[in-house]
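Please consider the following model with its sequence at hand.

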Amino acid sequence: MCGMPRVSEEHRAARRQQILDAARRCFLRDGFHNTSMQDVIAEAGLSVGAVYRYFPSKNDLITAIAQAVIGGADGVFAELAAVEPPLPLAEALDRALTYVDAQTGPDGMLPLAIQVWSEAQRDRALAEFVAATYARFRGHFVAIARRARDGGELSPDADPDAVGTALFGLVPGYFMQRILTGSPDRSTYLAGVRALLAGRHDRARARQ
């Protein structure tokens, strides 16, 4: 008897994930607006009641998908901000983009990110979630920049908020290009970033 609640919770979690996986396939194939709850129910192979028990509306499904799409990166970026010794800026970006690459393929979550951004323009609750999540992401990159300044990679008068904001902006900039155009690859993108950083160092030395 003691084991039954745990089994039940595992069953509920598996059923919920089954529905989310079906919704993700539908959303990737047809988009948020062209996908109905009936489409998701058919894709999941479950009864109407089973699906609505977990997700009363399509908006609930979209919000759950959004949490999976952009929420999963939080732990990755937090680790980058806390790793010892502190990572150089280009190395931190390289590791962030390695995670992006793993999530950009057909089985990844990031192809839905652009749909989430679009949906957030019309759904206030989703917009609040996206804004809070991206602000938290940006905070991790500000922490990376602050440690880079304290470690001497950046000049003492560098503003970590400004540097972290710009550094974080390179992450969605990369995967948006990858999703929309299929390029550049990570090594090309990072080569460009390193060239920009090297140019900054060269200009700083020239002023000294």
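Predicted model: local features only at pLDDT ≥ 70, side-chain atom pairs only at ≥ 80, totals over all residues.

The crossing of the two helices, α7 and α8, is left-handed. On the α7 side, the contact is formed by Val116, Trp117, Glu119 and Ala120, and α8 contributes Leu126, Ala127, Val130 and Tyr134. Classified by residue type, this contact of α7 with α8 comprises 7 nonpolar residues, no polar residues and 1 charged residue.

Attention now turns to the annotated regions. An unreviewed UniProt entry places the feature "domain: HTH tetR-type" at residues 13-73. Over that span the chain is 79% helix and 0% strand, with the end C-alpha atoms 21 Å apart. For "DNA-binding region", the unreviewed UniProt entry lists residues 36-55. Here the chain is 75% helix and 0% strand, and 13 Å separates the end C-alpha atoms.

Val51 belongs to helix α3, which spans residues 48-54. Is Val51 buried or exposed? Its relative accessibility is 0%, so Val51 counts as buried, the cut-off for buried being under 20%. Leaving aside residues up to four places away in sequence, Val51 touches Ile19, Met37, Ile41 and Leu46. Val51 and Arg15 are 36 residues apart in sequence, yet their C-alpha atoms are 8.8 Å apart in space.

Definitions and conventions
Residues numbered from 1 in each chain as written. Heavy atoms only, no water. UniProt positions renumbered as here; feature names shortened; annotations may be inferred. Helix = DSSP H or I, 4+ residues; strand = E, 2+ residues; numbered from the N terminus. Buried < 20%, exposed > 50% of the residue type's maximum accessible area, 1.4 Å probe, protein only. Contact = heavy atoms within 4.5 Å. Left-handed = near helix turned anticlockwise from the far one by under 90°. Nonpolar A, V, L, I, M, F, W, Y, C, P; charged D, E, K, R; others polar.
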